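Here is a friendly briefing to read alongside the model. Please keep the viewer open as you go through the points.

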Amino acid sequence: MSYLEGWKSQIIKLSHGASVGHLPDAEGDNWEYTSDQLSSLVHADNNASFTVALISAPLEDNYYMRRLGDKVAVLSLFEMAEIVRFSDFTVENYILRNIYELAVLYAANGALILSDAYSWAHDDVRGCLFDMNANKSDIVFSLHQPKLCDACKARVLSKQVDSGFLPALSKELQKIKKALYFRMSEWVKAHPILALIVAALSAISLNLIASVIFEKAKCLFPWLG
Ligand SMILES: [Zn+2]
């Protein structure tokens, strides 16, 4: 949680709130927590614009995120923790991506539940915060530097939002990305021949540097040669 609380942002400020130590048994037929049940368990923190509860159990209709009210949402790690880790992302990537999705909704509507009937989510996978991800594993396409697609951007612009909101959002979403090691390893997988050439060139240049250093060292310490 400290990584999330330390997240630098002009749009969101995350803080860890109160938690429920022991959940009651799930009311759903398949051991999932229904929205009604969760609504009675999770309450909005009065000091925050909205509250997001994290839960490891499945949610109603197998969604990974549900909005329970204007100020409360619940985000499930059920199956999602494996999906994101399998693709070399972190659970923090997943949490941040979804909090930004809620933050856009909140900024545009002043509440998590929309006042109009049209959902923001689109079936098409565009690497956008509002990809529906009916197939849960499609979330990986909006975990590395997610963005708002043109249609969603236009929708934000049609609402009363601060003029600095979209530029700040786009800058901050760039910071949600895979760790450097995994990005390098993907580059090597995508360009194996080039990677070999780079490795060979680095070996030669290291050798040259070593020779130069050795020649210099011989001048300073003649007993070396
Ligand atoms: Zn979109």
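**Briefing**

Trp-31 sits in the loop that links helix H1 (2-5) to helix H2 (35-41); helices here are DSSP runs of H or I with at least four residues, strands are runs of E with at least two, and both are numbered from the N terminus. This is a predicted model, where local features need pLDDT of at least 70, side-chain atom pairs count only at pLDDT 80 or more, and totals for chains, interfaces and linings use all residues. Residues are numbered from 1 along each chain as its sequence is written.

- Although Trp-31 is not a glycine, its phi is positive, at about 60 degrees.
- Trp-31 is exposed, with 10 other C-beta atoms within 10 Å. For burial, a residue with 20 or more other C-beta atoms within 10 Å of its own is buried, one with 12 or fewer is exposed, and anything in between is partly exposed, with C-beta atoms placed from the backbone.
- Asn-133, also not a glycine, has a positive phi of about 55 degrees.
- The loop between H4 and helix H5 (150-157) holds Asn-133, and this residue counts as buried, with 20 C-beta neighbours inside 10 Å.

**Overall make-up**

- The chain has eight helices and three strands, and along the sequence they follow the pattern α-α-β-β-β-α-α-α-α-α-α.
- The radius of gyration of the chain is 24 Å, whereas a compact globule of 225 residues would have one near 17 Å. The radius is taken over C-alpha atoms, and the globule rule is 2.2 Å times the number of residues to the power 0.38.
- The C-alpha trace spans about 80 × 45 × 35 Å along its principal axes.
- Of the 225 residues, 18% count as buried.
- Among contacts with a separation of 6 or more, 50% are between residues 24 or more positions apart; a contact means that the C-beta atoms, placed from the backbone, lie within 7 Å.

**The sheet and the helix across it**

- Three strands form an open sheet in the order E1-E3-E2, with mixed pairing. Strands pair if DSSP finds at least two bridges between them.
- Strand E1 (51-55) and strand E2 (65-67) are the edge strands, each pairing on one side only.
- Neighbouring strands in this sheet are turned by 20 degrees against each other on average, direction ignored.
- Five bridges join E1 and strand E3 (residues 72-76) in the parallel sense, and Leu-54 has Leu-75 in E3 as its bridge partner.
- Lying across E1, E2 and E3 is helix H4 (residues 91-109), which runs at about 155 degrees to E3. Axes are lines fitted to C-alpha atoms, for helices over the stretch in contact, and angles run from 0 to 180 degrees between N-to-C directions.

**The nonpolar core**

- In the largest nonpolar core, which has 32 residues, Ala-73, Val-74 and Leu-129 touch the most other members. Such a core is a set of buried Ala, Val, Leu, Ile, Met, Phe, Trp, Tyr and Cys residues joined through C-beta atoms within 7 Å.
- E3, helix H3 (80-86) and H4 are the elements giving two or more residues to this core, and H4 gives the most, with eight.
- Beyond its neighbours within four places in sequence, Leu-129 has contacts that include Arg-97, Tyr-100, Val-104 and Cys-152.

**Confidence**

- The average pLDDT (the predictor's confidence in each residue, from 0 to 100) is 90 for the chain, and 98% of the residues score at least 70.
- Helix H7 (residues 180-190) has the lowest confidence, at a mean of 74, and helix H6 (residues 165-173) the highest, at 97.

How values were computed
Two residues are in contact if their C-beta atoms, placed from the backbone, lie within 7 Å.
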